[in-house]
Amino acid sequence: MGGYKPILPYAVDEKPINVWFHDQQGREVYFQGLFVKDVDQPPKGYTLMRFPSGDYLAVTTEWMETNEEAVGPADNGRCNQYAGTAAPPAGWARADGPESLIFRIEKENARTPQGSRYEVWVPIQKAAPQE
């Protein structure tokens, strides 16, 4: 409600994020907002969500001149499609399954001094040791 202006004073980064997570009933939920800090009471009409910290595999485009180039012809589908199959680094495993709380974070870096780029963060965790 009301866009980002009421929460900008609390923003750690002014570029929006989209968090995809599973609620207590296991449903997929999409939450759009900003990373914030020092918020005890969010402005009226806003919800403060606290998610546990974690490690992520970041899939991103290069910096491009326009946001339209960064998100691609299928909007953000290019990054999301690759993020859906990208292998984690050695010693790590994907942690984006149906039982995970957060299963994807999208970050749009639009119209920055460097240009625009789209990011998709996939949760990962240390892999279980092989016996």
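Reader: Where is Arg104 found in this predicted model?

Author: Arg104 sits in strand E5.

Reader: How do I read its surroundings? Is Arg104 buried or exposed?

Author: Start with accessibility, then look for a partner of opposite charge. Arg104 is buried. Even so, Arg104 has no salt bridge.

Reader: Which side chain of opposite charge is nearest to Arg104, and how far away is it?

Author: That is Asp96, 4.6 Å away.

Reader: Which side chain makes a polar contact with Arg104?

Author: The side chain of Asn80 does, at 3.3 Å.

Reader: Where does Asp38 lie, and is it buried or exposed?

Author: Asp38 belongs to the loop between E2 and E3. Its relative accessibility is 67%, so Asp38 counts as exposed.

Reader: What about the phi of Arg111?

Author: Arg111 also is not a glycine, and its phi is positive, about 55°. Arg111 lies in strand E5. With 62% relative accessibility, Arg111 counts as exposed.

Reader: Now pockets. How is empty space found?

Author: A probe the size of a water molecule is rolled over the atoms, and this shows where empty space is left.

Reader: What is the volume of the largest pocket, and which residues are closest to its centre?

Author: The volume is about 640 Å³. The lining has 32 residues, and Phe31, Leu34, Val36, Leu48 and Met49 are the closest to the centre.

Reader: Which strands supply at least two residues of that lining?

Author: Strands E1 (17-22), E2 (28-33) and E5 (102-112) each do. E2 gives the most, with three residues.

Reader: How does the lining of the largest pocket divide by class?

Author: Count 22 nonpolar, seven polar and three charged residues.

Reader: How much space lies in the second largest pocket, and which residues line it?

Author: About 160 Å³. Its lining includes Pro52, Asp55, Tyr56, Ser100, Pro123 and Gln125. Strand E3 (55-60) and strand E6 (115-126) are the elements that give two or more residues to this lining. E6 gives the most, with three.

Reader: And what is the class make-up of the second largest pocket's lining?

Author: Here there are seven nonpolar residues, four polar and one charged.

Terms used:
Residues are numbered from 1 along each chain as its sequence is written. This is a predicted model: local features need pLDDT of at least 70, side-chain atom pairs count only at pLDDT 80 or more; totals for chains, interfaces and linings use all residues. Side-chain values use heavy atoms; hydrogens and water are left out. On a 1 Å grid over the protein atoms alone, a cavity is a set of points where a 1.4 Å probe fits but cannot get out, and a pocket is an open set with protein on both sides within 12 Å along at least five of seven lines; lining residues have an atom within 4 Å of a point. Grid points are joined across faces, edges and corners, and a volume is the space filled by probe spheres set on the points. Helices (H or I, at least four residues) and strands (E, at least two) are DSSP runs, numbered from the N terminus. Ala, Val, Leu, Ile, Met, Phe, Trp, Tyr, Cys and Pro count as nonpolar, Asp, Glu, Lys and Arg as charged, and the others, Gly among them, as polar. Buried means under 20% relative accessible area, exposed over 50%, partly exposed in between (1.4 Å probe, protein chains only). Lys and Arg count as positive and Asp and Glu as negative; His and the chain ends are not counted. A salt bridge is a side-chain nitrogen of Lys or Arg within 4 Å of a carboxyl oxygen of Asp or Glu. A polar contact is a pair of N or O atoms within 3.5 Å; within protein, one must be able to donate a hydrogen and the other to accept it, and residues adjacent in sequence count only if both atoms are side-chain atoms.
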